[in-house]
Amino acid sequence: GKGGADESHWLSMFNGESLTVDRKTGFPRTIYVPRALVSVTGSIQPAILRRSLSNQRRESGLAARFLFACPPRTPKCWTEADVDPSLLSGLSCLFDRLFSLEAGANEDGARRPELVALTQVARRNFIDHYDEHNATAATLSGDLAAAWSKLEEYPARLALVVGNSDYATGPLK
């Protein structure tokens, strides 16, 4: 958007901060989100990605907030194989159960985040990761240092996804 407001919103949403959007038209004119979070998944051609992640976006820290994956290129080979229907059914069931999980609520009935504690073993593993990760971070500079600083928390975020998936595949409470 004009004036760079969109970029600052994306930076805030990475941390789950509050977000206020003032619109010129429409109703309501002001939108307030107390804990704005967003997940983005997709694909992009490498040349377009390079143009999109300009020096300005790297310096602001926006580029460091994306978790990129680039599988190795392999030649396509024809196959008659289909995805196992039981796998598709299981995945559909997982998403249905995840969407049915109830959010926590405060005394006014408003939704609130749930705190999820680590087990002692998970806590020890995360501390080991944290110390090793930050020892490496101290040796880095520039764009790599910026990206590395955001990677520190990804194991906990991914563990939450796996934990919720495990919970959803068990009996609903």
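Where does Ser-165 sit? Ser-165 has its place in helix α7, where helices (H or I, at least four residues) are DSSP runs numbered from the N terminus, as are strands (E, at least two). This is a predicted model, so local features need pLDDT of at least 70 and side-chain atom pairs count only at pLDDT 80 or more, while totals for chains, interfaces and linings use all residues. Residues are numbered from 1 along each chain as its sequence is written, and side-chain values use heavy atoms, with hydrogens and water left out.

**Ser-165 and its surroundings**

- Ser-165 counts as buried, at 18% relative accessibility; buried means under 20% relative accessible area, exposed over 50%, and partly exposed in between (1.4 Å probe, protein chains only).
- Setting aside neighbours within four places in sequence, Ser-165 is in contact with Leu-94 and Leu-98, contact being heavy atoms within 4.5 Å.

**How α4 and α7 meet**

- Helix α4 (residues 85-100) and helix α7 (residues 154-169) have axes that come within 9 Å and cross at roughly 100 degrees. Those axes are lines fitted to C-alpha atoms, for helices over the stretch in contact, with angles running from 0 to 180 degrees between N-to-C directions.
- α4 and α7 are therefore roughly perpendicular to each other; that label covers 65 to 115 degrees, with under 35 roughly parallel, over 145 roughly antiparallel and the rest oblique.
- On the α4 side, Leu-94, Arg-97 and Leu-98 meet Asn-164, Ser-165, Ala-168 and Thr-169 of α7.
- By class, this α4 contact with α7 has three nonpolar, three polar and one charged residues. Here Ala, Val, Leu, Ile, Met, Phe, Trp, Tyr, Cys and Pro are nonpolar, Asp, Glu, Lys and Arg are charged, and the others, Gly among them, are polar.

**Salt bridges**

- The structure holds five salt bridges, each a side-chain nitrogen of Lys or Arg within 4 Å of a carboxyl oxygen of Asp or Glu.
- One of them pairs Arg-57 with Glu-7, with the closest N and O atoms 3.3 Å apart. Arg-57 lies in helix α3 (residues 55-60) and Glu-7 in helix α1 (residues 5-14), so the pair ties together parts that are 50 residues apart in sequence.
- Arg-57 is partly exposed at 33% relative accessible area, whereas Glu-7 is buried at 12%.
- Another joins Glu-153 to Arg-157, the closest N and O atoms being 2.6 Å apart. Glu-153 is partly exposed at 26%, and Arg-157 is partly exposed at 34%.
- Arg-112 also bridges to Glu-114, at 3.4 Å between the closest N and O atoms.
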